[in-house]
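Trainee: I have a new model on my screen. Can you help me read it, one feature at a time?

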Amino acid sequence: MSQRLLALLSTLLLITACLPAQEQDGHGAAASANPAVISLRIGDHPLTAEVADTAPLRARGLMFRESLPPDHGMLFVWEQPEPVAMWMLNTPLPLSVAFIDEQGRILNIARMQPHSRTLHHSAGPVRYALEMRQGWFEDRGIHPGQAVAELPR
């Protein structure tokens, strides 16, 4: 009986080892396949943002996306303010990114080109970065110094 149990356990271990690894965040928790979606506002301009608040979600970002709905983007969230840089590897959409400090103020905005490896840096430590379609901020007169409302804390 013990040999059968050992054989069964060995088979289960082999099957488990062949399954794809589940992505985990920095705390060992499984990363959500679908990020949370929240509503934000910059001045009189409402928007919807997917939240990338784990290392795997931040690493994937908007890669491989072919389109975004109007007024829709992605909010990257870090636990602590830090200088960050964004790039567009595997991202076919032209995007703009607003780097946002812990108080919710936009420090700087950068225009990013599809599939580019060019790094776009925050002007200082930030807690958030908001990616939208390229020109979204410009078209609405949004500029550094403005506040983003409803940010997760």
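**Reading the model**

Mentor: Start with the neighbours of one residue. Ser-96 touches Ile-109, Ala-110, Arg-111, Leu-130, Glu-131, Met-132, Arg-133, Gln-134, Gly-135 and Phe-137, leaving aside residues up to four places away in sequence. Keep in mind that this is a predicted model.

Trainee: Where does Ser-96 lie?

Mentor: Look in strand S5, residues 95-100.

Trainee: Is Ser-96 buried or exposed?

Mentor: Read the relative accessible area. Buried means under 20%. Ser-96 has 3% relative accessibility, so Ser-96 counts as buried.

Trainee: Which backbone atom lies 3.2 Å from a polar atom of the Ser-96 side chain?

Mentor: The backbone nitrogen of Gly-135. Gly-135 is also among the residues that Ser-96 touches.

Trainee: Now salt bridges. How many does a search of the whole structure find?

Mentor: The search finds 4. To spot one, look for a side-chain nitrogen of Lys or Arg within 4 Å of a carboxyl oxygen of Asp or Glu. Take Glu-50 and Arg-65. Their side chains meet in a salt bridge, at 2.7 Å from N to O. This pair links distant parts of the chain, 15 residues apart. Glu-50 is in strand S2, residues 45-52. Arg-65 is in the loop between helix H2 (55-60) and strand S3 (72-82).

Trainee: Why does Glu-50 count as buried?

Mentor: Because its relative accessible area is 10%, and buried means under 20%. Arg-65 is at 25%, so Arg-65 counts as partly exposed.

Trainee: Which residue forms a salt bridge with Asp-71?

Mentor: Arg-140, with the closest N and O atoms 3.0 Å apart. Here too the pair links distant parts of the chain, 69 residues apart. Arg-140 sits in the loop between helix H3 (136-139) and strand S9 (148-149). Asp-71 sits in the loop between H2 and S3. Both partners are partly exposed: Arg-140 has 27% relative accessibility, and Asp-71 has 29%.

Trainee: What about Arg-111? Which residue is its salt-bridge partner?

Mentor: Glu-138. The closest N and O atoms are 3.0 Å apart. Arg-111 is in strand S6, residues 106-112, and Glu-138 is in helix H3. The two are 27 residues apart. Now compare each value with the cut-off. Exposed means over 50%. Glu-138 has 54%, so Glu-138 is exposed. Arg-111 has 42% and counts as partly exposed. You have met Arg-111 already: Ser-96 touches it.

Trainee: How do I read a pocket?

Mentor: Rolling a probe the size of a water molecule over the atoms shows where empty space is left. Then ask about volume and lining. The second largest pocket has a volume of about 210 Å³.

Trainee: How many residues line the second largest pocket?

Mentor: The lining has 16 residues. Arg-58, Ala-59, Phe-76, Met-86 and Trp-87 lie nearest the centre. By kind, the lining divides into 11 nonpolar, 2 polar and 3 charged residues.

Trainee: Which element gives the largest share of that lining?

Mentor: H2, with 3 residues. H2, S3 and strand S4 (85-86) each supply at least two.

Trainee: One more residue: Glu-79. Is it buried or exposed?

Mentor: Glu-79 is in strand S3. Its relative accessible area is 57%, so Glu-79 is exposed. Then check a distance across the chain. Glu-79 and Thr-54 are 25 residues apart along the chain, and their C-alpha atoms are separated by 9.2 Å.

Notes: Residues are numbered from 1 along each chain as its sequence is written. This is a predicted model: local features need pLDDT of at least 70, side-chain atom pairs count only at pLDDT 80 or more; totals for chains, interfaces and linings use all residues. Side-chain values use heavy atoms; hydrogens and water are left out. Helices (H or I, at least four residues) and strands (E, at least two) are DSSP runs, numbered from the N terminus. Buried means under 20% relative accessible area, exposed over 50%, partly exposed in between (1.4 Å probe, protein chains only). On a 1 Å grid over the protein atoms alone, a cavity is a set of points where a 1.4 Å probe fits but cannot get out, and a pocket is an open set with protein on both sides within 12 Å along at least five of seven lines; lining residues have an atom within 4 Å of a point. Grid points are joined across faces, edges and corners, and a volume is the space filled by probe spheres set on the points. Ala, Val, Leu, Ile, Met, Phe, Trp, Tyr, Cys and Pro count as nonpolar, Asp, Glu, Lys and Arg as charged, and the others, Gly among them, as polar. A polar contact is a pair of N or O atoms within 3.5 Å; within protein, one must be able to donate a hydrogen and the other to accept it, and residues adjacent in sequence count only if both atoms are side-chain atoms. Contact means heavy atoms within 4.5 Å.
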